[in-house]
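Colleague: I am new to this one. Please walk me through the terms as we go.

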Amino acid sequence: MLGKIIVYIAVIGIIYSCNPKEEKSSAVEIKKEISSATIDYVNPLMGTDSSFDLSNGNTYPAIATPWGMNFWTPMTSKMGDGWTYKYDENKIRGIKQTHQPSPWINDYAAFSFMAVTGDLKFHEEERASWFSHKAETVTPHHYKVYLADYDTTVEVTPTERAAHFKFTFPEAERSYIMLDAFFKGSMVKIIPEERKIIGYCQNNSGGVPDNFHNYFVVELDKDFEVYHTWGDNWQLYENTSEQKGEHVGAIIGFKTKKGEVVHAKVASSFISPEQAQLNLDREIGKDTFEQTYAKAKNTWEKQLSRIKIEDDNIDHIRTFYSCLYRVLLFPRTFYEIDKNDQIIHYSPYNGQVLHGYMFTDNGFWDTFRAVFPFFNMMYPELNSKIMQGLANTYKESGWLPEWASPGHRDCMIGSNSAPIIADAYLKGIKDMDTDILFEAMIKNATTSEGRPLSNRNVIRSVGREGVEYYNTLGYVPYDVKINENAARTLEYAYADFTIAKMAEKLGKQDIADTFYKQSLNYKHLFDPSTKLMRGKNKDGTFQTPFNPLKWGDAFTEGNSLHYTWSVFHDIEGLIQLMGGKEAFEKQLDAVFTMPPDFDDSYYGFTIHEIREMQIVNMGNYAHGNQPIQHMIYLYAYANAAHKTQKKVREVLTRLYAATPDGYCGDEDNGQTSAWYVFSALGFYPVTPGVNQYVIGSPLFKKATLTLANNNTLEINAPQNSPDNVYISSMQLNKKEYYNSFLNFEEIQKGGVIDFTMDSIPNKNWASKDENIPYSLSKQK
């Protein structure tokens, strides 16, 4: 299906990597054999038809390189709007450099470019131009749009820390390019004799030190005939070259002929103006737009083609690669390379420039589930650098991050840095600062002393809120004014399990024993009368009244029906509490078969996560949010793997599509996409920290994974069809295989997995106790 073609690419410089020696330019034409198919399947507009009320992804088209420091995106919304690009809007205000991980977290260090012709319009409302998706080209490595009001086409193609713009103007007495440096503090300086604009922006949504700046440099290839600036309150200052204030911008203008092209090369730095210039010189230098475009495309192709899909359903292939693209965007590179080729970073935690790696823009409550397990399976070298960055965060702030953008942010709950670190260590990720990271994990789990404060309250995303209650009572009580207490308890218990696993491998058996015991704390919240998890008061009584359909309150963006399954490490223990496999299976079934009823009284309105559950006709199953995304795979623990197979295939084919409304809820830094990528391949990491993936229902006739160790894993399911969703039999390297799980080590060895698919479930496959995935209760 995926034929090969030979593509000759004139590349000035070798593809960007984390090795500074590989980032320098050299005018060498190289010949690359690449797949023509993978990047062409990606639709960056997937999920962009979203709003506050209903998320179909809450994404924007990120024009970037994988894990790039800077993204670029068109703006249809006003400055500061978290929904910066809405698919159903029809005017563009500019193309902005963005670092936004989520509309709920919003952006920082943003500035934008816009082109206009004729009368000068620079206010964001007045300059906005009508555009059409029919005259818009969107790929991961290139954005192009026709600005109808100005008969002008704007294009951008990215590098890791820089970008190349191409403006194609009509014949005009006055054509303008403007740089909007945004609000909350900015500066611009126009240097006509150098055809250059420099400056900085300071806009942010929190999580930054007082000295935070994003320094930018812009080089153009046409003389400026006029230049102006604007200052606060959109005040125009004609014939001025410098401006500083709350919100400033720069305007340069010239005459243009029909079809005349003006190029702008731009880079930025969180460290200094000089570093911004160095980033520009290193990553673009004298490259043409076409050369920058070719390098960006090849960078994406190199990563996307690590997984090759062969199938006759083009829509599914498009969805797969569109999801894979999203998995490869976050966390964001937040380090730079100095003039001595040293890795350095501006610390968003203490404001200093320090040596070493740093990554940001990630919410671990989402991504511990599948994104980081995917990195451990496919991109271990990347995760090694991320782990070094986590160690630096701890050294610079005293805490591990849970939600960083760019520094610690007050968002979400849990102690989910622990499973991310433990899973990396247990999967053999190299060059981790293991001692520092383990110390940080233990600190998270044992004390709240010194947790930093925001203006409003304790920053919840650092450490464990309610840890003293948890460590004395075995749970966070419902009646001590700590919201989402049951969810915290369940997540802390799982984090304790991962700490125990890591401690055991480190030879710290006493610590391991303590945390294995604490990992059973989930049992404190199990209510035998309802067979559900329930908030518990400080005196040991369950909270009343209890409504399992109530979202929030004791739980986080979900209800008891969703969070009861958050015992990732001990599903067998949960089965026993529920009265055995049959009762457990019925309880799973009930989530899908009941109406999508809900109680939104905790919020006072129907939050978008509730609405997304309600409308997809899967009962109370809320795939659009993370707490329940693993639940479908739990049938395997009750020897009912055929139900996992059917439900997985239903979600893959009904709830995802490579379209603007292609998600069924927030995409969330790659997590909802990673569920799709794993599940489409045929397995999913229910329990990060354990060396197993639970088998579901592979979507494609063939998938080939090229692993980091250069081994290849071939997954075949030639009988796959819309009806053939069930596994009739399975072979691993030509030997019959009966387990409903695959081991990490087996995958890393490479080889061949053969699935025989059928329209009739084989209830005898994976039907014995020894075929069930890992649970703590089975091991101890």
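Modeller: Start with burial: buried means under 20% relative accessible area, exposed over 50%, partly exposed in between (1.4 Å probe, protein chains only). The model is predicted, so local features need pLDDT of at least 70, side-chain atom pairs count only at pLDDT 80 or more, and totals for chains, interfaces and linings use all residues. Residues are numbered from 1 along each chain as its sequence is written, and side-chain values use heavy atoms, with hydrogens and water left out.

Colleague: Why is Cys201 called buried?

Modeller: Its relative accessibility is 0%. The cut-off is under 20%, so Cys201 counts as buried.

Colleague: What makes Cys411 buried or exposed?

Modeller: Cys411 has a relative accessible area of 17%. That is under 20%, so Cys411 is buried.

Colleague: What makes β3 an edge strand?

Modeller: Strands are DSSP runs of E, at least two residues, numbered from the N terminus. Two strands pair if DSSP finds at least two bridges between them. The open sheet has seven strands, in the order β3-β5-β6-β12-β19-β16-β17, with antiparallel pairing. β3 (71-75) pairs on one side only, as does the other edge strand, β17 (235-238).

Colleague: How do you know that β3 and β5 pair?

Modeller: They share five bridges, in the antiparallel sense. The rule asks for at least two.

Methods: Helix = DSSP H or I, 4+ residues; strand = E, 2+ residues; numbered from the N terminus.
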